[in-house]
Amino acid sequence: MASQENTTLWILTEVETHRLWSKIDRRSDNECWLWLASLTKGYGQCVIRRKRWIAHRAIYTLLRGPIPKGKTLDHLCMNKLCVNPAHLEIVDAQENVRRYYRSKTHCSRGHSFEDAYRHTGGRRKCRHCANERRRKRLCPAGHPYDMNNTVLDSIGRPMCKACRK
């Protein structure tokens, strides 16, 4: 994808302006403005003067000014399709990722992160999923499924040598 660090603002023709705004479901200033056209990785994309842009970056640049080199836009509303500049904030990539993980309230299996624990590196891990994984490594009697204590049954499931379960 082409570089998006354009430091010049455009003055769009009437046709270009109409074409761009026709792809946005613009509601009130405090609601999300949803991109209705082409997508890439869940984000809107557009072409302005033969240059491909991620839609929220293009709209932000048009309405607010250039995005500094090495910075990114964080969707404060957490909606990838939103192009409302009031919902976007310039941050560095590390802060953007940090905010994303902080906003997660449930793991990928739907368990709440209320009783989560911190894993190496600071990311939250679901305690319920970790317990499930741990249980799968133990037989019903609590013996470990390891190289010395495990055989496979006739259909390939691990079976404890100690208790044959």
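**Briefing: charges, patches and turns in a predicted model**

Arg 109, Arg 127, Arg 133, Arg 134, Arg 135, Lys 136 and Arg 137 gather on the surface in a patch of positive charge. The model is predicted, and local features need pLDDT of at least 70, side-chain atom pairs count only at pLDDT 80 or more, and totals for chains, interfaces and linings use all residues. Residues are numbered from 1 along each chain as its sequence is written, and side-chain values use heavy atoms, with hydrogens and water left out.

**Surface patches**

- A patch is made of residues with over 30% relative accessible area and no salt bridge; like charges are joined within 9 Å, and nonpolar side chains (Val, Leu, Ile, Met, Phe, Trp, Tyr) within 5 Å.
- Lys and Arg count as positive and Asp and Glu as negative, while His and the chain ends are not counted; the place of a charge is taken as NZ of Lys, CZ of Arg, CG of Asp or CD of Glu.
- Arg 133, one of the residues in the positive patch, belongs to helix H4 (residues 127–136). Helices (H or I, at least four residues) and strands (E, at least two) are DSSP runs, numbered from the N terminus.
- Arg 133 has a relative accessible area of 40% and is therefore partly exposed; buried means under 20%, exposed over 50%, and partly exposed in between (1.4 Å probe, protein chains only).
- A nonpolar patch on the surface is formed by Met 78, Val 97, Tyr 100 and Tyr 101, with about 360 Å² of accessible area together. Accessible areas come from the Shrake-Rupley method with a 1.4 Å probe, and for residues only the protein chains shown count as cover.
- Met 78 is found in the loop between strand E6 (71–75) and strand E7 (88–92), and its relative accessible area of 45% makes it partly exposed. The phi of Met 78 is near 65°, a positive value in a residue other than glycine.

- Strands E4 and E5 pair in the antiparallel sense over four bridges; two strands pair if DSSP finds at least two bridges between them.
- Ile 48 stands opposite Lys 51 in E5.
- The two strands form a hairpin with two residues between them, and Arg 49 in the turn has a positive phi of about 50°.
- Arg 50 lies in the loop between strand E4 (43–48) and strand E5 (51–54). Its phi is near 65°, again a positive value in a residue other than glycine, and Arg 50 is exposed, with a relative accessible area of 83%.

**Salt bridges**

- The count comes to seven salt bridges, each being a side-chain nitrogen of Lys or Arg within 4 Å of a carboxyl oxygen of Asp or Glu.
- Asp 25 and Arg 27 meet through their side chains in a salt bridge (2.8 Å, N to O). Asp 25 is partly exposed at 27% relative accessible area, and Arg 27 is partly exposed at 40%.
- Asp 74 forms a salt bridge with Arg 99, with the closest N and O atoms 2.8 Å apart. Asp 74 lies in strand E6 and Arg 99 in helix H3 (residues 93–103), so the pair ties together parts that are 25 residues apart in sequence.
- Asp 74 is buried, with a relative accessible area of 5%, whereas Arg 99 is partly exposed at 21%.
- Glu 95 and Arg 98 also meet in a salt bridge (3.0 Å, N to O). These residues are separated by about one helical turn, because they are three residues apart in helix H3.
- Glu 95 counts as buried at 19% relative accessibility, and Arg 98 as partly exposed at 39%. Salt bridges that share partners join Asp 74, Glu 89, Glu 95, Arg 98 and Arg 99 into one network.
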